[in-house]
Amino acid sequence: MPALFKHFWIMFIVVTIANGLIWKSRSKKYIAEKPDLKDGYDSLIKGWFIYGNIPWIIMGIGMVTGLTNDMFDFFNPRQLNPMVIIFFLSIIMLWIMGSYWIYFDGGAEKLVNHPGMFTQTEKGNEKFEIMKVKLMWGLGILGGIFGFIMMWNMNFPPEAFRH
């Protein structure tokens, strides 16, 4: 089996970190214009690095310890592998926490007020941008739920991909 399938989780961590670094780079121009945004950017980017990597770290633990064979086990949650279940639960918890933050704790507003990663806010259009962030988050969650349902209902044969 190619090492890529056994260590695919590392690529996800690298991509998550790269996206955070791009966001940090983009934030410099906004911080130069409004230095009081620095702490907000720092907290958003730190949160991205931490929370964005939780599922991939769980996936990596499963693969490194041998509790999962490779990335294909994660496409077949019906096998009820404990690490795969923990992986899915971590994503659900991140969705719950993220939804609370976006809709009830000012997260959408914070993202709009700290553009560069998810939004490119134009002055005077903040309410529309906040609505867009909330709508996109909701659509993303619905897409994720659809993906989960598909994985739980399909009969994915991981063995077919391991040869």
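**View 1. The lining of the largest pocket has 18 nonpolar residues, six polar ones and one charged.** Nonpolar here is Ala, Val, Leu, Ile, Met, Phe, Trp, Tyr, Cys and Pro; charged is Asp, Glu, Lys and Arg; the others, Gly among them, are polar. Keep in mind that this is a predicted model, where local features need pLDDT of at least 70 and side-chain atom pairs pLDDT 80 or more, while totals for chains, interfaces and linings use all residues. Numbering runs from 1 along each chain as its sequence is written, and side-chain values use heavy atoms, with hydrogens and water left out. The volume of the largest pocket is about 970 Å³. Closest to its centre, out of 25 lining residues, sit Trp 48, Tyr 51, Leu 94, Gly 98 and Trp 137. Two or more lining residues each come from α2 (8–33), α3 (38–51), α4 (54–65), α5 (82–104), α6 (107–113) and α7 (126–153). Helix α5 gives the largest share, seven residues. (A pocket is an open set of points on a 1 Å grid over the protein atoms alone where a 1.4 Å probe fits, with protein on both sides within 12 Å along at least five of seven lines; lining residues have an atom within 4 Å of a point. Points join across faces, edges and corners, and the volume is the space filled by probe spheres set on them.)

**View 2. Stepping back, the protein is built from seven helices and zero strands.** Read along the sequence, that gives α-α-α-α-α-α-α. (Helices, H or I of at least four residues, and strands, E of at least two, are DSSP runs numbered from the N terminus.) Of the 163 residues, 38% are buried, meaning under 20% relative accessible area with a 1.4 Å probe, protein chains only. Take the contacts (heavy atoms within 4.5 Å) between residues at least 6 apart in sequence: 69% of them join residues at least 24 apart.

**View 3. Aromatic rings pair up in the protein, with a count of 12 pairs.** Take Trp 56 and Phe 87: their ring centres are 6.0 Å apart and their planes at 45°, so this pair is tilted. Trp 56 belongs to α4 and Phe 87 to α5, so the pair ties together parts 31 residues apart in sequence. Both residues are buried. Ring pairs also link a cluster made of Phe 8, Phe 12, Trp 56, Phe 74, Phe 87, Phe 88, Trp 95, Phe 148 and Trp 152. (Rings of Phe, Tyr and Trp, the last by its six-membered ring, pair if their centres lie within 6.5 Å; planes under 30 degrees apart are stacked, over 60 edge-to-face, the rest tilted.)

**View 4. Pro 55 sits in helix α4.** This proline is buried, at 6% relative accessible area. Leaving out residues up to four places away in sequence, Pro 55 touches Phe 87, Ser 90, Ile 91 and Leu 94. Pro 55 and Leu 94 are 39 residues apart along the chain, yet their C-alpha atoms are separated by 9.1 Å.

**View 5. Ser 99 has its place in helix α5.** With 18% relative accessibility, Ser 99 counts as buried. Beyond four places in sequence, Ser 99 touches Phe 104, Trp 137 and Ile 141.

**View 6. Leu 37 is in the loop between α2 and α3.** Apart from neighbours within four places in sequence, its contacts are Tyr 30, Ile 31, Asn 113 and His 114. Ser 27, 10 residues from Leu 37 in sequence, is 8.8 Å from it in space, C-alpha to C-alpha.

How values were computed
Buried < 20%, exposed > 50% of the residue type's maximum accessible area, 1.4 Å probe, protein only.
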